[in-house]
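Here are my notes on the model, point by point. Please read them with the structure open.

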Amino acid sequence: MPIRIHTLKPRRVTGFNKVTSIQNLRQLRRRALLAGNTVGFVPTMGALHQGHLALIRQAVRENDQVYVSIYVNPTQFGVSEDLSSYPRTWDADKIKLAALAKEFKNNDRVGHMSTVFMPSTEEMYPSSPPSSEVDGQGSFVTITPLSSRLEGTSRPVFFRGVATVCMKLLNIVQPERVYFGQKDIQQTFVVKRMVKDFHLNTEVRVGSTIREQDGLAMSSRNIFLGERRRKVALVLLDSFKEVQKVFARGARKRRFLYNAAFDKLSSVEKVQRALPRAKRARFEIDYISIADPDTMDELEEVNSERGAILSGAIKMLPLEEPQEGEDTGLGGGKSSVRLIDNIHLELLSAKVGYIP
Ligand SMILES: Nc1ncnc2c1ncn2[C@@H]1O[C@H](COP(=O)(O)OP(=O)(O)OP(=O)(O)O)[C@@H](O)[C@H]1O
Ligand SMILES: CC(C)(CO)[C@@H](O)C(=O)[O-]
Ligand code: BAL
């Protein structure tokens with residue numbers, strides 16, 4: 001879809017504004033409006049990788065100015081989740097953003113990454129300290145039943161936190177377009193539903209999942225894996241490939257498709273279980289979902305034309321008996337690492353799905 005609408009040519013500049021206050025952000029936004037510039041917005045939690053950078057590249061192709069936010073939002077982490085250990089890497093992020101800005105400077109067909117918004121929690125949650133309790137008090141946006149399923153089952157406050165912070169960020173930035181990654185597919189559904197139901201004046205754009213060379217979906221949390229768990233982590237994508245195979249051979253019923261993924265995951269887990277503790281990387285299956293591409297409702301049977309969203313999550317368990325000199329990942333392998341991924345299951349998987 002040709003959607004790039006550059007109005008006035010922005011100045012070719014490398015520098016970007018680093019803004020922490022809502023008031024200053026709004027001033028910049030007003031100036032952009034008066035200059036007739038469109039604004040694209042990429043919300044992130046930092047620890048930037050190629051997945052984030054791809055979203056920013058897409059945004060500068062489609063807008064005059066791009067704002068990026070870096071904010072680790074406490075309300076989307078449950079009380080026993082990894083808020084305190086979530087990677088915060090501003091020094092490295094700054095270098096990546098500066099390199100991107102330089103890349104854009106020499107290309108007059110793209111917009112300008114003009115602003116990085118890094119608010120404090122006091123700024124974002126002005127009335128009360130934000131609660132991560134399931135029955136916590138506060139001003140929240142809830143999108144149900146979508147938020148209670150799949151990711152929401154394991155992370156009961158997750159989408160309430162995401163919808164709440166996205167509502168705040170969209171109210172502050174008021175972008176023409178906002179960008180999310182397909183890796184977090186359920187999040188894109190929740191945000192689209194929120195934008196529709198609350199009449200927010202922005203277009204939600206979804207960028208494809210960026211992967212490591214072997215296919216692992218990039219994620220800020222991958223740095224916790226270490227070498228041993230990193231190798232086994234590919235099992236989730238491998239299980240999707242098994243589903244793709246049986247789908248291509250004609251299977252359409254949920255139980256056949258589901259079993260193809262489940263059998264792969266179970267057999268790899270069995271192999272790991274049988275290895276010595278010092279060598280193995282064990283994991284638990286959280287869920288496998290085969291869902292409608294428009295609603296994310298679970299399907300009993302997949303339509304050949306429309307296909308399905310095949311998504312899943314596994315939990316890589318803490319590393320057992322780390323060895324002297326072993327790459328155990330950030331944090332020494334002490335914590336579980338939850339990984340998610342998805343592909344579009346369809347007969348012409350070369351079109352949008354991941355090509356194994
Ligand atoms: N591999 C990826 N490809 C494309 N987009 C991605 C990828 N990983 C993350 N994104 C998108 O980047 C945006 C910011 O995500 P976030 O900062 O939480 O990074 P993350 O890698 O998803 O981290 P996490 O480990 O928390 O899952 C989201 O819209 C997310 O979907
Ligand atoms: C959208 C988001 C920035 C909200 O905190 C976060 O959930 C993320 O990074 O995917
Ligand atoms: N990428 C989604 C943010 C989270 O997992 O908290």
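1. Overall size. A compact globule of 356 residues would have a radius of gyration near 21 Å, and the chain has 21 Å, so the two agree. The radius is taken over C-alpha atoms, and the globule rule is 2.2 Å times the number of residues to the power 0.38. Along its principal axes the C-alpha trace spans about 65 × 50 × 45 Å.

2. Residues are numbered from 1 along each chain as its sequence is written, while chains are lettered from A and ligands numbered from 1 in the order in which they are written.

3. Confidence. pLDDT is the predictor's confidence in each residue, from 0 to 100. The chain averages 93, and 94% of the residues score at least 70. For the complex, the predictor gives an ipTM of 0.98 and a pTM of 0.94. Residues 349-356 stay under 50. The model has twelve contacts for that stretch beyond four places in sequence; a contact means C-beta atoms, placed from the backbone, within 7 Å. Where pLDDT is low, the predicted coordinates should not be read in detail.

4. Secondary structure. The chain has eleven helices and nine strands. These are DSSP runs, numbered from the N terminus: helices are H or I with at least four residues, strands are E with at least two.

5. Six-stranded sheet. This open sheet has the order β1-β4-β3-β2-β5-β6, with parallel pairing. Strands pair if DSSP finds at least two bridges between them. β1 (17-19) and β6 (203-207) are the edge strands, each pairing on one side only. Neighbouring strands are turned by 25° against each other on average, direction ignored. β3 (65-70) and β4 (112-117) run parallel, joined by five bridges. Val68 stands opposite Val116 in β4.

6. α7 (185-197) lies across β5 (177-181) and β6, running at about 170° to β6. Axes here are lines fitted to C-alpha atoms, for helices over the stretch in contact, and angles run from 0 to 180 degrees between N-to-C directions.

7. Three-stranded sheet. The order is β7-β8-β9, open, with antiparallel pairing. β7 (283-291) and β9 (337-345) stand at the edges with a single partner strand each, so one side of each is left without a neighbour in the sheet. Neighbouring strands are turned by 15° on average, direction ignored. β7 pairs with β8 (308-316) over eight bridges. Tyr287 has Ala313 in β8 as its bridge partner. Helix α9 (235-248) lies across β8 and β9, at about 20° to β9.

8. Ligand 2. Which residues are around ligand 2? They are Pro43, Thr44, Met45, Asn73, Gln76, Val162, Val165, Cys166, Asp184 and Gln187. The criterion is a C-beta atom, placed from the backbone, within 6 Å. β2 (39-44) and α6 (158-173) are the elements that give two or more residues. α6 gives the most, with three. The shell divides into five nonpolar, four polar and one charged. Nonpolar here means Ala, Val, Leu, Ile, Met, Phe, Trp, Tyr, Cys and Pro; charged means Asp, Glu, Lys and Arg; the others, Gly among them, count as polar.

9. Backbone points to check. Most residues other than glycine have a negative phi, and most peptide bonds are trans. Thr144 and Pro145 are joined by a cis peptide bond, with omega about 5°. Pro145 lies in the loop between α4 (121-124) and α5 (151-154). His199 has a positive phi of about 55° although it is not a glycine. His199 lies in the loop between α7 and β6.

Definitions and conventions
This is a predicted model: local features need pLDDT of at least 70, side-chain atom pairs count only at pLDDT 80 or more; totals for chains, interfaces and linings use all residues. Two residues are in contact if their C-beta atoms, placed from the backbone, lie within 7 Å.
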